[in-house]
Number of protein chains: 2
Amino acid sequence: MANPIDFYFDFSSPYGYFASTKIDELAARHGRGVVWRPILLGAVFKITGQQPLPTIPLKGSYAAHDLARSARLFKVPFKLPTKFPIGATAPSRAFYWVSDQDAALARKLAQALYHAYFAEDRDISNPEVTGNVAAKLGVDKAELIQAVNEPAVKERLKTEVDAAIERGVFGSPYIVVDGEPFWGSDRLEQVERWLKTGGW
Amino acid sequence: MANPIDFYFDFSSPYGYFASTKIDELAARHGRGVVWRPILLGAVFKITGQQPLPTIPLKGSYAAHDLARSARLFKVPFKLPTKFPIGATAPSRAFYWVSDQDAALARKLAQALYHAYFAEDRDISNPEVTGNVAAKLGVDKAELIQAVNEPAVKERLKTEVDAAIERGVFGSPYIVVDGEPFWGSDRLEQVERWLKTGGW
């Protein structure tokens, strides 16, 4: 069995959302699985000195335009959320907590959370909202809300974010195929080409 | 006659170099011309607060890797220059000075300068080197070296850079098709699609 692809993303990243709607099918076409790995860009930006897109002069306005255009190209529902960006600790902790019990369910949760935030403008940084999204998938909302404040779950996410940074992850989406890193939803074609050809 | 495409680039930008090797043919396939517009990212970064790629932790190492990989994909000769990035005032002023006399020659000069810097590791920030590259194309080297220090030529470049910033240009390459902006050499396929379809 070929190595799975690592798919790093921040729940507050629209380009991560776009990639999330394609990555599983793309990998499956080449007999690969995908390990979904939510991270926190806030922690990364402390190291790189980068700023959230909307706050950057010139680049921020371009991004707003490019996001709408990219959504049309990817054919995915998208509306820049009222509150953007958000700190994605609650959904990310919820993801890993569910993932340690049921990895397939965690992926469905990630997809549902992304959809809630970027298609329905629901503020998933609020544990109540993340809990509601998870409840629709059969997760116990009260348990989830309790879990996101447990030290072990906090530590679980922190460990993942630290490992991602250690590996060089600095943006979202960030996809690693057999050790080869690709940054950005506009690199999915290169990811596919790499999977197909083994590199160039 | 359809509007020409605006092609903004910094002579110190490897992604600008990659795009420069494709943009004319791409535009010609759709009956378009290209206006080449060198700018100075240093002036842009003062406004956006961005830093040169190699100096950004994590992102800088990725970029070094991605540049080599992109060069192979674009099938262009490339070596990260010994001195990188450079301030591109001399080659940019030389470009506009030549351009005001002979636009076609200025384009050839731009291509030759990019090649000298990214394929031959010659430091084109040095007016002597820019002069040598231009001399090969029949430009008078001594006149060129004098021109890059003339107030009118300095002002010519400054006006172009200011106009680019006014228009929202924040990176290189930055391509505008009928008012629609595209940032990055990895957006050339979208540029082509936009030319073909008129948008999506």
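Modeller: One term first: a residue is called buried when its relative accessible area is under 20%, exposed when over 50%, and partly exposed in between. Note also that this is a predicted model.

Now the pair. B:D66 and A:R187 form a salt bridge, with the closest N and O atoms 2.6 Å apart. B:D66 sits in helix α4 of chain B, residues 59–74, while A:R187 sits in the loop of chain A between β4 (180–183) and α10 (188–197), so this pair joins two chains. Side chains of opposite charge can pair when their charged atoms come close.

The structure holds 34 salt bridges over all chains. Take two for contrast. A:R122 pairs with A:E120, and their closest N and O atoms are 3.0 Å apart. A:R122, at 32% relative accessibility, is partly exposed. A:E120 is partly exposed as well, at 40%.

In chain B, look at B:E128 and B:K141. Their side chains meet in a salt bridge of 2.8 Å, N to O. B:E128 lies in helix α7 (residues 127–135) and B:K141 in helix α8 (residues 141–147), so the bridge ties together parts 13 residues apart in sequence. B:E128 is partly exposed at 39%. B:K141 is partly exposed at 26%. Salt bridges can also share partners: in chain A, such bridges join A:D6, A:R37, A:D100, A:R156, A:E160 and A:R167 into one network.

Back to where the chains come together. Helix α4 of chain A, residues 59–74, lies across β3 and β4 of chain B. This helix runs at about 100° to β4(B). What kind of sheet do those strands belong to? In chain B, four strands make an open sheet in the order β2-β1-β3-β4, with mixed pairing. β2 (34–38) and β4 (180–183) stand at the edges with a single partner strand each, so one side of each has no neighbour in the sheet. Neighbouring strands of this sheet are turned by 20° against each other on average, direction ignored.

Zoom in on the β3 and β4 pair. Strand β3 of chain B, residues 174–177, pairs with β4(B) in the antiparallel sense over four bridges. B:I175 has B:F182 as its bridge partner in β4(B).

Step back along chain B from β3. B:S172 and B:P173 are joined by a cis peptide bond, with omega about 0°. B:P173 is placed in the loop between α9 (151–167) and β3. Another cis bond runs from B:F84 to B:P85, with omega near -10°. B:P85 lies in the loop between α4 and α5 (89–99) of chain B.

Last, the loops around α4 of chain A. A:L58 is not a glycine, yet its phi is positive, near 65°. A:L58 is in the loop between α3 (41–48) and α4. A:K75 is not a glycine either, and its phi is positive at about 55°. The loop between α4 and α5 (89–99) of chain A holds A:K75. With a relative accessible area of 71%, A:K75 is exposed.

Technical notes
Residues are numbered from 1 along each chain as its sequence is written. Chains are lettered from A and ligands numbered from 1 in the order in which they are written. This is a predicted model: local features need pLDDT of at least 70, side-chain atom pairs count only at pLDDT 80 or more; totals for chains, interfaces and linings use all residues. Side-chain values use heavy atoms; hydrogens and water are left out. A salt bridge is a side-chain nitrogen of Lys or Arg within 4 Å of a carboxyl oxygen of Asp or Glu. Buried means under 20% relative accessible area, exposed over 50%, partly exposed in between (1.4 Å probe, protein chains only). Two strands pair if DSSP finds at least two bridges between them. Axes are lines fitted to C-alpha atoms, for helices over the stretch in contact, and angles run from 0 to 180 degrees between N-to-C directions. Contact means heavy atoms within 4.5 Å.
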